Amino acid sequence: FIRPYCPERGIGFLVLQNNAAVEKMLGPNGSHIQFLEKLCGIDIIYNESAKTLSVSGFDPVRRELARSTLEKLSRDKFITTERIQQTMEKAKRELFKKIKDDGNKICKELKLKNVSTEIRNMMGALRYRYSFTQNQYFHCAEVGHLCGLLASEIDDPIFDARRSGMLHDIGKAMDHSIDGGHAVIGADFIEKNGEKDHIVHAVRAHHYDEPPS
């Protein structure tokens, strides 16, 4: 299999071209930014010397929602709180559709069947999670392929291996909001959503949170 290098780094960053753009985006006393922060549940940082806005927060999906909303608003001539709300709702619909599509896409790529909707959507959310600058969605797809190749060499079930490989880091889509290591978080999640015991064990044991069988 061939996968192109992914240059993205998941950083919400917007350069404002001039003072007029700064005034438009920030609003009176920063009111526009404060309103969007409240809507998205993240922090937006304005760098006055560089005229940039950057998005900060633990939830990668919320960060992407804020980044996308800011980008859309930057193309508007005038901004009001009503317009911010409308733009955020549109960005949210587009983001959730992309998460759903990406979750379906990775399962289709690995030819995995009977994956629950909840698991597919959580895999799609990994598209916005990075670890040591590595995109976790693409990482999980690669590991799924590699596990399948390894299984074929030792005459193990290929699609079970692909499945456990794809799911091994699914907990990283949730570890900003649930206490514990991502292997245990992921294993608990897929167990609740219908995955078989040996797949759950592979995910839970991949960092030795339990001894691999």
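The buried residues of H9 pack against H7 and H8. Those residues of H9 are Ile 199, Val 200, His 201, Val 203, Arg 204 and Ala 205. Buried here means under 20% relative accessible area, exposed means over 50%, and partly exposed lies in between, with a 1.4 Å probe and protein chains only. Helices (H or I, at least four residues) are DSSP runs, numbered from the N terminus.

A word on the source: this is a predicted model, in which local features need pLDDT of at least 70 and side-chain atom pairs count only at pLDDT 80 or more, while totals for chains, interfaces and linings use all residues. Residues are numbered from 1 along each chain as its sequence is written, and side-chain values use heavy atoms, with hydrogens and water left out.

Let us turn to H7. Helix H7, residues 158-167, is mostly covered, with seven of its ten residues buried. Among them are Ala 161, Met 166 and Leu 167. What covers the buried residues of H7? The cover includes helices H4 (81-109), H5 (117-125), H6 (136-153), H8 (182-192) and H9 (197-205).

Finally, the cysteines. How many disulfides does a search of the whole structure find? The search finds zero, where a disulfide is a pair of cysteine sulfur atoms within 2.5 Å. The sulfur of Cys 140 is 10 Å from the closest cysteine sulfur, that of Cys 147, which is too far for a bond. Cys 140 counts as buried, at 0% relative accessibility, whereas Cys 147 is partly exposed, at 23%.

Methods
Helix = DSSP H or I, 4+ residues; strand = E, 2+ residues; numbered from the N terminus. Contact = heavy atoms within 4.5 Å.
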